[in-house]
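Student: I've got a fold open on my screen and I'd like to walk through it with you. Can we take it one spot at a time?

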Amino acid sequence: MRCYDGSESDVAQRFLVDIGVRPHWHNPAFGDSAITESPLRAAAETCSRRFLRGDPATVDKATAATDAKPIEAADAPPPNAPWRPDLQKRETLITQSCSGVGIIDRTQFYGRDICEDFRHDFGDLQVYTIDNAATRDVDDGISVETVPGAGGRPQTWLHIHVADPTALIHPGHVVADAAAEQMATSYYAEATKHMLPPELVMQRISLCRRMDGSPVNTMTFSARLDDDGNIIEYKVRPGRVRNVLATPYELLDRYLSYETACSEAAHSFAELQAAVRNSTLVHPFKLTSEDWRNYGEDCGTLSATEASRFQAIQRVTIRHKLRRLQDGAMNLGTKGDDMVIGLDGAMQPASMGGPEFLLDQLRHPGRGSLEYPRIKRSFSVVQSSPAHMMVAELMIIAGRVAVRYAREHMHQDRDSAGAFTEPQSIPMLYRGQQLPDLPMLSGCSSDMPLAFADMTIAEAQLAEN
C-alpha cells in the first residue's frame with residue numbers, strides 16, 4: 001500500500017480498481033453502502049416482501065377490527081403499568097379496541113387503515129401528479145377545487161396531496177426504523193437508494209392510479225389564497241383519492257406561462273428546449289431515439305380544461321411567491337446539471353472473491369472486457385421550467401399550512417408520574433441556517449471596512465434583489 005498516497009479508504013478503492021475487482025467508475029458513496037447494507041434495512045426489505053406476498057403473519061389482527069385505533073393519551077394507563085411495553089425500544093405499538101388493549105409487533109403492518117373512519121373522500125376530483133416521466137414512486141399530487149362560498153361567491157382551494165405511508169406502517173415498525181436510519185432517499189448518478197422499500201411503495205403507497213380502482217390514502221394540505229397571495233384559510237386532513245393523472249414536467253411546460261416571478265426562468269418554451277438540446281452530452285457518442293427527441297415532444301397533450309386548470313394553479317402560485325418576496329423572502333435558486341450513468345449494459349463487479357471485472361468476457365462472449373457505462377449529462381431545467389417552479393411553490397404552500405396547523409393546535413403529553421403536561425403546540429422540525437457574515441461573503445478579510453457592513457437584514461435583501 002506504500003505505492004499509494006491518501007487516506008485508507010482512498011487507497012483501498014484505488015487498489016481494488018487496479019487489480020480489477022472494481023470498475024473505474026465505481027462510486028464508493030453508493031457501492032459500499034449497497035455491499036454493507038445495514039441489518040435494519042435488510043429486515044425492512046424482507047418484511048415488506050413477505051407482506052406483499054400475502055403472509056398473514058405480517059398483518060396485525062387487532063387493528064383489523066373495525067373500531068381499532070391507536071391508544072389516545074387521555075385513555076392511556078399510567079406508564080408504570082406492568083403490561084405497558086417499553087416504548088423507548090420501539091419494539092411494539094399499543095392499540096385499543098372493544099376487545100381490549102393489543103400490541104403490534106414491529107414486523108406487522110396495520111390490519112386496517114386506522115384513519116379510515118374520518119378520511120376525507122375527494123371522490124372523483126382530478127389529482128395531478130407532476131414528475132419526470134420515468135418516476136414510479138410518486139409521492140405527491142395537486143388538485144384545484146371551486147366550491148360555493150359566502151354570499152354565493154365561488155372559492156378556489158388548492159389541495160396538495162402527499163402519499164401516506166402511515167396508513168400502513170406504524171411508528172414502531174422495522175420499516176419506519178429503517179427509514180429513520182436513512183432519513184431520505186439518496187439520488188446518485190448511477191442509481192437511487194430508496195428510503196422506503198421500493199416494491200412496497202409502488203404497490204401500496206405511491207400516489208398513482210390503482211389497477212383495481214381502489215383509492216389511494218393521502219395526507220392532504222389544503223389552502224385558499226386571496227388575490228394578494230395570502231393564505232386566508234387552510235385545512236389539514238387525511239384523505240382518499242382515486243382519479244389520479246400522471247403529468248410529466250415537460251408536457252406541462254408547453255402549456256404554462258413563462259411570465260413568472262423568477263428572473264432565472266426561460267422566457268419561452270423554445271428557449272427552454274434550446275437550453276436542454278445545446279447542453280446535452282452523451283458518452284460514448286451512440287445516440288438513441290430518446291436522445292434525439294426534443295424536450296417536450298412526444299409526451300402527450302392536455303385538454304383545454306386541464307390546461308386551464310394548470311394555468312389557474314400557476315397564477316395562484318405566482319401570487320404567493322410575489323407575496324413571499326415582498327415579505328422578505330430570498331430566492332436562492334441554484335443552477336446545475338443532471339447526470340445519469342447507465343449501468344445496465346456495463347460490466348459490474350460480482351463479489352470480492354477475485355478480479356471478476358477483468359474476467360467478465362469469459363461469461364459474456366463477444367462483449368469487450370472494457371465496456372464502459374453510458375453517461376448522459378444534460379442541463380437541469382429546475383430553475384428555468386415554469387412547471388418545476390410551480391410545483392416547488394406548491395410544496396412551500398403545503399409546508400406553511402403544516403406549520404400553521406402545528407402552531408395553532410395544542411396537544412398534551414404525560415410526564416414520568418403519569419400526569420398531563422401543559423398544553424403546547426405540536427413540535428415540528430424546521431430547516432434553517434445561521435445568518436450570513438456579509439463581510440466574509442464578499443471575499444474580503446473580516447477586518448476590511450465595507451460599504452454595506454452596517455446594513456440591516458432588510459437592506460441587505462433589498463440590495464441582493
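Student: Let's begin with D298: is it buried or exposed?
Tutor: Keep in mind that this is a predicted model. D298 lies in the loop between α8 (289–292) and α9. The cut-off for exposed is over 50% relative accessible area, and D298 has 72%, so D298 is exposed.

Student: And what is the phi of D298 near?
Tutor: Most residues other than glycine have a negative phi. D298 is a residue other than glycine, yet its phi is positive, near 55 degrees.

Student: What covers the buried residues of α4?
Tutor: First, the buried ones: in helix α4 (residues 174–182) they are V174, V175, D177, A178, A179 and Q182. Their cover includes α3 (39–52), β8 (186–187) and β9 (192–193).

Student: Now the helix pair. At what angle do α9 and α11 pack?
Tutor: Two packed helices are described by the angle between their axes and the distance between the axes. Here helix α9 (residues 304–326) passes helix α11 (residues 386–408) with the axes 9 Å apart, and the crossing is left-handed. The angle is about 65 degrees.

Student: How do the residues of that contact divide into nonpolar, polar and charged?
Tutor: From α9 come F310, I313, Q314, T317, H320, K321 and R324, and from α11 come P386, M390, E393, L394, I396, I397 and R400. Sorted by type, the contact of α9 with α11 has seven nonpolar, three polar and four charged.

Student: Which element gives the largest share of the lining of the second largest pocket?
Tutor: That pocket has a volume of about 390 Å³. Its lining has 19 residues, with P154, Q155, T156, L225 and D227 nearest the centre. At least two residues each come from β7 (154–163), β10 (216–225) and α9. The largest share, five residues, comes from α9.

Student: Is T129 buried or exposed?
Tutor: T129 sits in strand β5 (residues 127–131). Leaving out residues up to four places away in sequence, T129 touches V138, D140, G141, L207, V244, L245, A246 and T247. Buried means under 20% relative accessible area, and T129 has 4%, so T129 counts as buried.

Student: How far apart in space are Y110 and K61, C-alpha to C-alpha?
Tutor: Y110 belongs to the loop between β3 (100–105) and β4 (120–121). Y110 has a relative accessible area of 7%, so it is buried. In sequence, Y110 and K61 are 49 residues apart; in space, C-alpha to C-alpha, they are 8.1 Å apart.

Student: Last one, on the chain as a whole: what percentage of the residues count as buried?
Tutor: The chain's secondary structure comes to 13 helices and 17 strands. Among contacts with a separation of 6 or more, residues 24 or more positions apart account for 67%. Of the chain's 465 residues, the part that counts as buried is 37%.

Conventions:
Residues are numbered from 1 along each chain as its sequence is written. This is a predicted model: local features need pLDDT of at least 70, side-chain atom pairs count only at pLDDT 80 or more; totals for chains, interfaces and linings use all residues. Side-chain values use heavy atoms; hydrogens and water are left out. Axes are lines fitted to C-alpha atoms, for helices over the stretch in contact, and angles run from 0 to 180 degrees between N-to-C directions. Helices (H or I, at least four residues) and strands (E, at least two) are DSSP runs, numbered from the N terminus. A crossing is left-handed if the near helix is turned anticlockwise from the far one by less than a right angle, and right-handed if clockwise. Contact means heavy atoms within 4.5 Å. Ala, Val, Leu, Ile, Met, Phe, Trp, Tyr, Cys and Pro count as nonpolar, Asp, Glu, Lys and Arg as charged, and the others, Gly among them, as polar. On a 1 Å grid over the protein atoms alone, a cavity is a set of points where a 1.4 Å probe fits but cannot get out, and a pocket is an open set with protein on both sides within 12 Å along at least five of seven lines; lining residues have an atom within 4 Å of a point. Grid points are joined across faces, edges and corners, and a volume is the space filled by probe spheres set on the points. Buried means under 20% relative accessible area, exposed over 50%, partly exposed in between (1.4 Å probe, protein chains only).
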